[in-house]
Amino acid sequence: MKFTKALIKGKFLKRYKRFFADIKVNKEIIIAHCPNTGSMMGLLNENNDAWVLKNEDPKRKLKYTLQILKTSKNVIGVNTHLANKLVHEALQNNTLIEFKNLDKIVTEKFYNKETRFDFFVEKNKKKIFIEVKNVTLIRDGKTSEFPDAITTRGSKHIKTLMDAHKKGYECYVLFLVQIENCKYFRIAKDIDKEYYKNYKLAKKSGVKFIAYNCKVGSKEIKIDKKVEILDE
């Protein structure tokens, strides 16, 4: 997915009120929208390199959106709103090994009155649900992790996917790792033991878990390669 224009590089100063980030660009401090309200563990160190996108819409109060942060070892896309767009593009372009030549792609498909999944796709009459989880946590420089905070919503999604699988749907959780050159992925069981427990139950019941990393740049972010899931 190409950005509408090249990103502007600066230095991250701080995030506050969850939605705001101060970024120093040259000698000016700008306020950027932070499109990630999660914990962003390990990313919010002062003076990390940061890239923002300028928006020309006169109706927007904040003219900049934070898109990328660089830690000591990794370049990371932090805009969670891009995750589904990136996966949608990959589904259309046959980028993902598991989902080539699909007959149908539907976004935000309701499974029941309470839950909708990010994608419903069909291939050769197989009915498939895909739930996307955006990943920005990396603690050892090479292994990405999810979640970066306790996620009751994530556990609920896993349980509902198990129910859908029992009713004949093929079900996937796709961990989208917006981290350049990340080789491995694992569940952060020390952060959310309940999510890890549900992950193990779902995997045993037939729900499939896959992870893909991204190429992250100032002009484009796109899904790159499948990442090995370490099942520890």
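User: Which residues of helix α1 (residues 82-92) are buried?

Analyst: In this predicted model, the buried residues of helix α1 are L82, A83, L86, V87, A90 and L91. An α-helix has 3.6 residues a turn, so residues three or four places apart point the same way. Just after α1, N94 takes a positive phi of about 60 degrees.

User: Why is T71 called buried?

Analyst: The relative accessibility of T71 is 15%, and buried means under 20%; T71 therefore counts as buried. The residue is placed in the loop between β5 (64-70) and β6 (75-77).

User: Which residues does T71 touch, not counting those up to four places away in sequence?

Analyst: With that exclusion, T71 touches G42, L43, N48 and I76. A contact here requires heavy atoms within 4.5 Å.

User: What makes the pair of F117 and F129 tilted?

Analyst: The ring centres of F117 and F129 are 5.0 Å apart, and rings pair if their centres lie within 6.5 Å. Their planes stand at 55 degrees, whereas stacked requires under 30 degrees and edge-to-face over 60. The pair is therefore tilted. It links distant parts of the chain, with F117 in strand β8 (residues 116-123) and F129 in strand β9 (residues 126-135), twelve residues apart.

User: Why is the pair of F120 and F129 also called tilted?

Analyst: The centres of the F120 and F129 rings lie 5.4 Å apart and their planes are at 55 degrees, so this pair is tilted. By the ring-centre rule, the count comes to 14 aromatic pairs.

User: How do you know whether F120 and F129 are buried or exposed?

Analyst: F120 has 6% relative accessibility and therefore counts as buried. F129, at 1%, counts as buried as well. The cut-off for buried is under 20%.

User: What makes K109 a charge over the ring of F120?

Analyst: K109 lies over the face of F120, at 5.6 Å from the ring centre; the distance limit is within 6 Å. K14 likewise lies over the face of Y16, at 5.3 Å from the ring centre.

User: Why do β10 (137-138) and β16 (228-229) stand at the edges of their sheet?

Analyst: Four strands form an open sheet of mixed pairing, in the order β10-β11-β13-β16. β10 and β16 each have a single partner strand, so one side of each is left without a neighbour in the sheet.

User: How do you know that β10 pairs with β11 (residues 143-146)?

Analyst: Two bridges join β10 to β11, and pairing requires at least two. These strands run antiparallel, and L137 stands opposite E145 in β11.

Terms used:
Residues numbered from 1 in each chain as written. Predicted model: local features only at pLDDT ≥ 70, side-chain atom pairs only at ≥ 80, totals over all residues. Heavy atoms only, no water. Buried < 20%, exposed > 50% of the residue type's maximum accessible area, 1.4 Å probe, protein only. Phe/Tyr/Trp six-rings, centres within 6.5 Å; stacked < 30°, edge-to-face > 60°. Lys NZ or Arg CZ within 6 Å of the ring centre and 35° of its normal.
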